[in-house]
Amino acid sequence: MTTLFATAQTLMPGGVNSPVRAFQSVGGEPLYITGAQGAYLNDASNRQFIDYVGGFGPMILGHSHPEVVQAIQEQAAQGLTYGTCNPLEVELATLITSIMPSIEMLRMVNSGTEAAMTAVRLARAATKRPKIIKFTGCYHGHTDALLVAAGSGATTLGIPSSPGIPDAVTQDTLSIPFNDAHALQRCFQSHGRDIAAILLEPICGNMGLITPQPGFLETCQTLCREYDSLLVFDEVMTGFRVALGGAQSLYGIQPDITILGKIIGGGLPVGALGGRRELMEMLAPVGPVYQAGTLSGNHLTMAAGLATLKICQAKSAALYSQLNVYTKALCDYMQTTAQRLNIPIQVQSVGGMFGFFFSDSPVQCYEQACQSDTKRFAQFFQSMLAQGVYLPPSAYEACFVSGAHGDVELRHTCDAIQQAMAAL
Ligand SMILES: *Cc1c(COP(=O)(O)O)cnc(C)c1O
């Protein structure tokens, strides 16, 4: 019997529409999902999996949340795209700006990639400077200038950058190890007056999960202020995920520009960038920085995002503490089980996201992440999959918990971890 994946490979490069999905680093064939409810994915062969990928981030409420589904259905019955303004984009902008005080104005786009690309253009225009600092292993989408040492997908495939990008396009992208305050200081000493912005994931989720060391984000902010550069937080993954107000509320740091995506689209394609009014008003049609999008702010995406964010806000105390408690229990179990079996592991988590490296030394940057045992990860991944638990199919992706994950799922997952680790 020809599998769907075999057919797909004749029709799409690698059989996929996004590289990590191809299972190249873990082996075997990707899941073909036909439905998803709550914490579970159902595949085309009627198997069920507890899902820790959550659509790579958006599904914070779990799959097919009735209010989100209803919001999309109601809007779909009113037409699919208008090419003009709609009330829901105003409502979602109101909600986001009320939750994130650093965002006075925002522009909706269709992906995180697009948002990061526009944020860089805006930062360069606002500062009249060319250079961008990014951190090795941080991913900001696949736009040319930012596809330098860019984490997960590229890392999984062993492509640190990509052919097809002229040197001229990346020569103003400076790449520094995450959590290395000294390297950052040196970079500003050499290039300070040319640096438009530091662009970073305040909590890295695209080289596994790596948290910022105490003081690191503050150093970023201080240097930006000292050199009149802009601080850009890519909160596509962390926004409304690690806390309602994102990493910026958790660490008490207000970036100049914030990049959003994933959760704010409730599962539909989305991105956004936001910041102070005078910066954002540099965008067309008020200012000269051009940016546009046929489907930007479309009412279906806005409806899904609004329904999701409204629930996150209304239930924030219960939701975020539940995500914390669940994630912490799972991570603690993983840690103690590994310890008992003498398996070297590094587990990190923030709110409803976590990551683990099979490594005997702490992981604070990309270089250290690359020293982890990815063969062991692949073995662990397959064993978890066989027991009905779906982890991201790469050692360099973060795992996500949703509000639909409860005691039953936690127990099942812990049992699977015990079995999988004992078999390593
Ligand atoms: C997912 C992600 C992106 C890219 O978003 P797309 O919608 O896939 O283009 C950018 N930055 C971060 C931190 C992400 O996690």
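Predicted model: local features only at pLDDT ≥ 70, side-chain atom pairs only at ≥ 80, totals over all residues.
User: Is serine 359 buried or exposed?
Analyst: Serine 359 sits in the loop that runs between strand E12 (353–357) and helix H13 (366–369). A residue counts as buried when its relative accessible area is under 20%. The relative accessibility of serine 359 is 7%, and therefore this residue is buried.

User: Which backbone oxygen does the side chain of serine 359 reach?
Analyst: Setting aside residues up to four places away in sequence, serine 359 touches Pro344, Ile345, Gln346 and Ser372. Its side chain also reaches, at 3.2 Å, the backbone oxygen of serine 361.

User: Which helix supplies the largest share of the lining of the second largest pocket?
Analyst: The second largest pocket, with a volume of about 540 Å³, is lined by 25 residues, and Cys85, Glu89, Arg107, Ser296 and Gly297 are those that lie nearest its centre. Helix H3 (87–99) and strand E4 (105–109) each supply at least two residues of this lining. The largest share, four residues, comes from H3.

User: How many residues in the lining of the second largest pocket are charged?
Analyst: Sorted by class, the lining of this pocket has eleven nonpolar and twelve polar residues. The charged residues in the lining number two.

User: How far apart in space are methionine 59 and glycine 252, C-alpha to C-alpha?
Analyst: Methionine 59 lies in the loop between strand E3 (48–51) and helix H2 (66–76), and it is buried, with a relative accessible area of 17%. In sequence, methionine 59 and glycine 252 are 193 residues apart. In space, C-alpha to C-alpha, the separation of methionine 59 and glycine 252 is 25 Å.

Conventions. Residues numbered from 1 in each chain as written. Heavy atoms only, no water. Buried < 20%, exposed > 50% of the residue type's maximum accessible area, 1.4 Å probe, protein only. Polar contact = N/O pair within 3.5 Å; in protein donor to acceptor, adjacent residues only side chain to side chain. Contact = heavy atoms within 4.5 Å. 1 Å grid on protein atoms, 1.4 Å probe; cavity = no way out; pocket = protein on both sides within 12 Å on 5 of 7 lines; lining within 4 Å. Points joined across faces, edges and corners; volume = space filled by probe spheres on them. Nonpolar A, V, L, I, M, F, W, Y, C, P; charged D, E, K, R; others polar.
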